[in-house]
Amino acid sequence: MNANENKRFALLIDADNAQAKAIDAILTEAARYGDVTSRRCYGDWTNTRLGSWKSVLNKHAVQPMQQFAYTSGKNATDSALIIDAMDLLYTGKFNGFFLVSSDSDFTKLATRIREAGLEVIGIGKRSTPEAFRAACNKFIFTETIMDDKGSADEIKKNIKSVETSAGISQTRNRTISSASQEDKAVQSVKMVSPSKDVALKKLLKEAIESASEEDGWANLGGVGSYIPRVDSSFDSRNYGFDKLGKLIKSLDYIEIQQKNIDSGSNIYIRFKDSNN
């Protein structure tokens, strides 16, 4: 039996800062971590702006939580979600929470839940402030899981086209410059070649050094455990790969070795000498 099958999660959605069209992908992703036994979505449902949520809430048995906007400019929805989250936390019935929002106002809530020893998984846009992402055990971009649900190969296609055609790359860059900030973030991540991503290289170097044994080789599992502790928003799917191992194999500066030990065969990795 998968250990995750015994985990119980509460899913709390901030309708003001989440996309109704992402709900299918969100629930599919959540199911990978355990059983989502409480599903709640917060907003002022008298506001026509949230009309797109109504049909998907019924379809997926997500409970709409009404919160009137008593004062203009004040977000009463955030307060309602936070109060409910603490009530659910004190029941002791959950192993973790999914907080679906791109709002940094939930940073303190995520921190408080983690202090209680529970897992916090955030789900939101790439534009989500870093403070909220870092407060979660793991933060998942909605753009990534929506891409993953459709076609993971699309990211690889974009990467390949940028590497092989400067003309196309320049055209895309001109298009990006006229796009919104959010669109720029989405496109830039899709178009960066993993082997040329400086931040990824630095992160992997730190992870390998942390997990390495006396001979300099690091177990892939140890590397995979280290990464989320320093970068909660890391996801191999951001680079078009469904597994960390597949991403590692695509990198020209990583050396891979299969080792046979008492517990079985394990994959070990290290930086190639020329890149150390």
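**Terms and their grounds**

Biologist: Why is Ala-61 called exposed?

Modeller: Ala-61 has 62% relative accessibility. Buried means under 20% relative accessible area, exposed over 50% and partly exposed in between, with a 1.4 Å probe and protein chains only, so Ala-61 counts as exposed. The model is predicted: local features need pLDDT of at least 70 and side-chain atom pairs pLDDT 80 or more, while totals for chains, interfaces and linings use all residues. Residues are numbered from 1 along each chain as its sequence is written, and side-chain values use heavy atoms, leaving out hydrogens and water.

Biologist: Where is Ala-61 found, and what is its phi?

Modeller: Ala-61 is in the loop between helix H2 (51-59) and strand S3 (63-66). Helices (H or I, at least four residues) and strands (E, at least two) are DSSP runs, numbered from the N terminus. The phi of Ala-61 is near 55°, a positive value in a residue other than glycine. Most residues other than glycine have a negative phi.

Biologist: In what order do the six strands form the open sheet?

Modeller: The order is S3-S2-S1-S4-S5-S6, with parallel pairing. S3 and strand S6 (138-141) are the edge strands, as each pairs on one side only.

Biologist: What makes strand S1 and strand S2 a pair?

Modeller: Two strands pair if DSSP finds at least two bridges between them. Strand S1 (residues 8-14) and strand S2 (residues 35-43) have seven bridges, in the parallel sense. Within this pairing, Phe-9 stands opposite Val-36 in S2.

Biologist: Why is the pair of Tyr-33 and Phe-98 called edge-to-face?

Modeller: Rings of Phe, Tyr and Trp (its six-membered ring) pair if their centres lie within 6.5 Å; planes under 30 degrees apart count as stacked, over 60 as edge-to-face and the rest as tilted. For Tyr-33 and Phe-98 the centres are 5.8 Å apart and the planes at 75°, so the pair is edge-to-face. Tyr-33 lies in the loop between helix H1 (23-31) and S2, and Phe-98 in strand S4 (residues 96-100), so the pair ties together parts that are 65 residues apart in sequence. Both residues, Tyr-33 and Phe-98, are buried.

Biologist: Why is the pair of Phe-234 and Tyr-239 called tilted?

Modeller: The ring centres of Phe-234 and Tyr-239 are 6.4 Å apart and their planes at 40°, so the pair is tilted. Phe-234 and Tyr-239 are both buried.

Biologist: How do you know that the charged end of Lys-205 sits over the ring of Phe-271?

Modeller: The rule requires NZ of Lys or CZ of Arg within 6 Å of the ring centre and within 35 degrees of the ring normal. The charged end of Lys-205 sits over the ring of Phe-271, 4.8 Å from its centre.
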